[in-house]
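Hello,

Here is the structure I said I would pass on. My notes follow below it; please read them with the model open.

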Amino acid sequence: MEKSNGQRVILFPLPLQGCINPMLQLANILHSRGFSITVIHTRFNAPKASNHPLFTFLQISDGLSESQIKDDPTSNVMSLIAQINVNAESPFRDCLQTILSQESERVSCLIDDCGWLFTQNVAESLNLPRLVLSTFKATFLNAYPILPRIRTKGYLPVSDSKAEDSVLEFPPLLKRDLPRIFGEDGEKLDPFLEIIVDTTMKSSGLLFMSCEELEKESLNLAKETFKVPVFAIGPFHSYFSASSSSLFRQDETCVHWLDNQEEKSVLYVSLGSVVNIKETEFLEIAWGLSNSKQSFLWVVRPGLVSGAEWIEPLSEELVRSLEEKGKIVKWSPQQEVLAHRAVGGFLTHNGWNSTLESICEGVPMICLPGGWDQMLNARFVSDVWRVGVHLEGQIERREIEKAVRLLMLESEGEKIRERMNVLKDEVGRSVKDGGSSYRSIETLTNHILSL
Ligand SMILES: O=c1ccn([C@@H]2O[C@H](COP(=O)(O)OP(=O)(O)O[C@H]3O[C@H](CO)[C@@H](O)[C@H](O)[C@H]3O)[C@@H](O)[C@H]2O)c(=O)[nH]1
């Protein structure tokens, strides 16, 4: 850490793994620039304070009952976040007020997730500047003001003949991606989107875990759309690993298992912390992996398969065949896995963190997005950067086997890998001394000090 600058920043992540990881990376970045850090967090999905001894952690009530928390909370993330957004406002205000009245250091600002709906009002009422962290790609947040229009424009439902058409308002999205962005009750999103756009425009700045090398135009557009200073400060994964903020116990045995595998021979498979799949889809993935005859490390998060505790839908015969070439774990130290010399591909749901981590480690992808921003990230991976193969939603054993073999064995896979190495180097330069994100962090530091 640089010498303390005598100022404190308060951070407030949304209680989801994909939002906690970038917020704690931001905490590390700011701490290295001399800021003291306080993290306010809910009881649900509380980060492990003991992994971050340099920061102060304060827990507030989220108003969720024990049964709500036990009852697979990821099964409806939207409704969960909506509830916490109501329940946590008053405890958050009390907590912030107490910090401001007791803190000996100057509190320069609050930085919280764009998914919090009440924080801008609370911060304003306490005269505290607020900055917003988007844990999505800038291109996706830029679409928030126009998503309601796209939904009602007549693109939905999407006919087969139009599925491959581009969504002109939202490139590089294809019309076939839209149903999985809006889900069944897309109109319910509108009020949230409106509040997020409004509160972001009232904020003192907008941060992205991204860099100019990945999305210069979108970052410029974000400045125009939200009319606030924009800082692209990532991806800092190689400096501050996301592993330290893992909410689940990471199975370290998979790293020892990887140690015994050949260079770039293993496909890593993980669908992140939120996506749920049907049992039939789970079995298709299992057969696809088994039939591909490639080695794999597969994260099956308890709760991933709807209606199942873990891997019980797999027959003994299928487990035996899977174990010949692969290993299944409940949760992995993902960054360490992606950085391992034995890993040669990543079958992913394209959450923004997983997508960035894969790029940082130069691992080409097979895209199986579940919904929301993942649809857009997957299009960038397959159609724009061309560093992955898109399954186009076909969770079907032959398609999976074909994609795995293409990526891991064929010359087309080799070309994808070469492009990924180029992208990895470009993105890697952004966070090095003098790179675009490095400079953006300097500007951000000065901005915070000037608030
Ligand atoms: O076995 C595992 C699997 C994942 N991870 C980590 O968990 C995070 C997962 O984040 P992400 O890839 O973004 O996926 P989600 O957990 O699904 O993230 C949610 O939040 C993201 C950021 O807002 C969005 O991009 C996603 O669509 C949304 O589902 C990453 O840092 C991974 O390294 C592990 O440590 N071990």
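Contact here means heavy atoms within 4.5 Å. By that rule, and leaving out residues up to four places away in sequence, Y239 touches V431 and K432. Before the rest, two points on the source. This is a predicted model, in which local features need pLDDT of at least 70, side-chain atom pairs count only at pLDDT 80 or more, and totals for chains, interfaces and linings use all residues. Residues are numbered from 1 along each chain as its sequence is written, and side-chain values use heavy atoms, with hydrogens and water left out.

To stay with Y239: this residue is found in the loop between β7 and α11. Helices (H or I, at least four residues) and strands (E, at least two) are DSSP runs, numbered from the N terminus. Y239 has a relative accessible area of 44%, so it counts as partly exposed. The classes are buried (under 20% relative accessible area), exposed (over 50%) and partly exposed in between, with a 1.4 Å probe and protein chains only. Y239 and V122 are 117 residues apart in sequence and 33 Å apart in space, C-alpha to C-alpha.

The peptide bond from G234 to P235 is cis, with omega near -5 degrees. Another cis peptide bond runs from P171 to P172, with omega near 0 degrees. P172 sits in the loop between α7 (147–152) and α8 (178–182).

Next, positive phi values in residues other than glycine. Phi of N45 is near 55 degrees, and N45 lies in the loop between β2 (36–42) and β3 (56–60). N45 is partly exposed because its relative accessibility is 23%. Phi of W372 is near 50 degrees, and W372 is in the loop between β12 (365–367) and α16. Its relative accessible area is 21%, so W372 is also partly exposed.

Now the interior. A nonpolar core is a set of buried Ala, Val, Leu, Ile, Met, Phe, Trp, Tyr and Cys residues joined through side-chain atoms within 4.5 Å. Which residues touch the most other members of the largest nonpolar core? They are L26, I111 and F170, out of 91 residues in that core. Helix α1 (residues 17–32) gives the largest share of this core, 7 residues. Leaving out residues up to four places away in sequence, the contacts of I111 include V9, F12, M23, L26, L131 and I448. A second, separate core has 31 residues, among them L267, L318, M408 and I416.

A polar side-chain atom of S354 lies 2.5 Å from an oxygen atom of the ligand, and one of E357 lies 2.6 Å from an oxygen atom of the ligand. The protein covers 96% of the 700 Å² of accessible area that the ligand has on its own (Shrake-Rupley method, 1.4 Å probe).

Regards

Technical notes
A polar contact is a pair of N or O atoms within 3.5 Å; within protein, one must be able to donate a hydrogen and the other to accept it, and residues adjacent in sequence count only if both atoms are side-chain atoms.
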